[in-house]
Amino acid sequence: MGISLLAIAFQLLAVACFLPVLIHAFKRSIGTGFMVLCLPVYTPYYAFSQFEHRWKGLLVSGWLGGFVLGVVLRAVGLKLGVADRATRHGP
């Protein structure tokens with residue numbers, strides 16, 4: 001349970017750090033904003049090459065790191081939850 005809550009916290013951090021990138025893209029143009037929103041391959045390219053912000057490094061690393069850690073911890077929590085249920089209820 002604790003790992004799943006930690007994973008959700010990291011994913012919320014990723015969303016909070018991604019919002020300024022998305023807002024910047026929509027301010028640039030509506031087409032760029034929709035590309036950042038809908039094309040996952042274009043999003044890191046935009047974040048590294050065109051996104052300009054005072055805290056660019058912190059926001060991009062929080063977004064990517066929080067996303068990766070959240071996904072990994074949710075997978076681990078799911079695996080531990082399945083293993084825990086299997087040991088409690090038997091085969």
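Visitor: Among contacts in the chain between residues at least 6 apart in sequence, what share joins residues at least 24 apart?

Guide: The model is predicted. In it, 52% of the contacts between residues at least 6 apart in sequence join residues at least 24 apart.

Visitor: How many helices and strands are there in the chain?

Guide: The chain has four helices and zero strands. Read from the N terminus, the order of elements is α-α-α-α. Of the 91 residues in the chain, 25% are buried.

Visitor: Which residues make the contact of α1 with α3?

Guide: From α1 come Phe18, Val21, His24, Ala25 and Arg28, and from α3 come Thr43, Tyr46 and Ala47. Sorted by class, that contact has five nonpolar, two polar and one charged residues.

Visitor: At what angle do the axes of helix α2 and helix α3 cross?

Guide: Helix α2 covers residues 30–38 and helix α3 covers residues 42–49; their axes cross at roughly 120° and come within 7 Å. That angle makes α2 and α3 oblique to each other. On the α2 side the residues are Thr32, Met35 and Val36, which meet Tyr42, Thr43 and Tyr46 in α3. By class, the contact of α2 with α3 has four nonpolar, two polar and no charged residues.

Visitor: Which residues in the largest nonpolar core touch the most other members?

Guide: A nonpolar core is a set of buried nonpolar residues joined through their side chains. The largest one here has 14 residues, and those touching the most other members are Phe18, Val21, Val36, Tyr46, Phe51 and Trp63. The elements giving two or more residues to this core are α1 (2–28), α3 and α4 (56–89). The largest share, six residues, comes from α1.

Visitor: With which residues is Val21 in contact, leaving aside its neighbours within four places in sequence?

Guide: Val21 is in contact with Tyr46, Ala47 and Phe51, once those neighbours are set aside. Val21 and Tyr46 are also among the core members that touch the most others.

Visitor: How many aromatic pairs does the count come to?

Guide: The count comes to four aromatic pairs. One of them joins Tyr42 and Tyr46, with 6.2 Å centre to centre and 35° between the planes, and this pair is tilted. Both residues lie in helix α3, four residues apart, which is about one turn of the helix. Tyr42 and Tyr46 are both buried. Ring pairs also link Tyr42, Tyr45 and Tyr46 into a cluster.

Visitor: Is Phe34 buried or partly exposed?

Guide: Burial is read from the relative accessible area, with buried meaning under 20%. Phe34 has a relative accessible area of 46%, so Phe34 is partly exposed. Its place is in helix α2.

Visitor: Which residues is Phe34 in contact with, leaving aside its neighbours within four places in sequence?

Guide: Phe34 is in contact with Phe26 and Leu39. As for Leu22, 12 residues away from Phe34 along the chain, the C-alpha atoms of the two are separated by 8.8 Å.

Key: Residues are numbered from 1 along each chain as its sequence is written. This is a predicted model: local features need pLDDT of at least 70, side-chain atom pairs count only at pLDDT 80 or more; totals for chains, interfaces and linings use all residues. Side-chain values use heavy atoms; hydrogens and water are left out. Axes are lines fitted to C-alpha atoms, for helices over the stretch in contact, and angles run from 0 to 180 degrees between N-to-C directions. Angles under 35 degrees count as roughly parallel, over 145 as roughly antiparallel, 65 to 115 as roughly perpendicular and the rest as oblique. Contact means heavy atoms within 4.5 Å. Ala, Val, Leu, Ile, Met, Phe, Trp, Tyr, Cys and Pro count as nonpolar, Asp, Glu, Lys and Arg as charged, and the others, Gly among them, as polar. A nonpolar core is a set of buried Ala, Val, Leu, Ile, Met, Phe, Trp, Tyr and Cys residues joined through side-chain atoms within 4.5 Å. Buried means under 20% relative accessible area, exposed over 50%, partly exposed in between (1.4 Å probe, protein chains only). Rings of Phe, Tyr and Trp (its six-membered ring) pair if their centres lie within 6.5 Å; planes under 30 degrees apart count as stacked, over 60 as edge-to-face and the rest as tilted.
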